[in-house]
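Me: I'm new to this structure and would like a close look at just one part of it. Please pick a spot and walk me through its surroundings in a connected way.

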Amino acid sequence: KYVGKQLFINNVDCESIIKIHKTPIYCYSSSEIIENYNNFHKSLKKLNPLICYAVKANFNKEIIKMLGKLGSGADVVSKGELKLALDAGINPSKIVFSGVGKTKEEIIYALRKKIFQINVESEEELDEINDLAINKKTLVNISIRVNPDVDANTHKKISTGRSDDKFGIPISKVVEIFKRKNNYNNLKINGIAIHIGSQITKIDPFKNAFEKIKKLITRLEKNNIN
């Protein structure tokens, strides 16, 4: 708000900030972040959720620390983001590793740090993680990232849920992967992940994606897969 001609953010005079720091400078409202997190957590509390902040959204270490103190985990897409989350005090048991193109080095690092879960993007990655887990004599929690073939009606460069996008395993192949789960002795498949794009301004694409996931889960249950 303005007081006279002076701009204040959270009752802090912006001119007092630029007397200490050079411009341009990014300022974040801790009270707004805390309120948003608490509101989100409250709306999901019946599910007892693990909320994981996407570090790629803003990798400011103080923000990650703040969210960690509120109970948040972290969703990371690289070794660098994983190290940042750990350095900011996020418990490894609350870290999920997502993203395409994970390197062997990154997967090994994630296994060594005993993070909560790796979201698998392809059948090839599934095999690679299993081989590395066998080598490390460890059991790894994974989630299968499903491509639901849903057009989010966002910019084509940031759409990730259509069948011709390079992200995730086609929804038509997922049941067969679960049926083969005994081939992956060192993997515990504990979930399904989806991400259909960014800058989505309408709810319908999410509804469409969740309807498809609901049908997929029903098919899995008919095959005695929970």
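Reply: Two residues are in contact when heavy atoms lie within 4.5 Å of each other. This is a predicted model, in which local features need pLDDT of at least 70, side-chain atom pairs count only at pLDDT 80 or more, and totals for chains, interfaces and linings use all residues. Residues are numbered from 1 along each chain as its sequence is written, and side-chain values use heavy atoms, leaving out hydrogens and water.

Let's look at N186. You will find N186 in the loop that runs between helix 7 (174-179) and strand 10 (187-193); helices (H or I, at least four residues) and strands (E, at least two) are DSSP runs, numbered from the N terminus. Although N186 sits in a loop, it counts as buried because its relative accessibility is 17%, and buried means under 20% (1.4 Å probe, protein chains only).

What surrounds N186, leaving aside neighbours within four places in sequence? N186 is in contact with N130, A133, I134, K137, T138, L139 and V140. Two of these residues come up again when we follow the side chain of N186. A polar atom of that side chain lies 2.9 Å from the backbone oxygen of T138, and the N186 side chain also reaches the backbone oxygen of A133, at 3.5 Å.

Notes:
Buried < 20%, exposed > 50% of the residue type's maximum accessible area, 1.4 Å probe, protein only. Polar contact = N/O pair within 3.5 Å; in protein donor to acceptor, adjacent residues only side chain to side chain.
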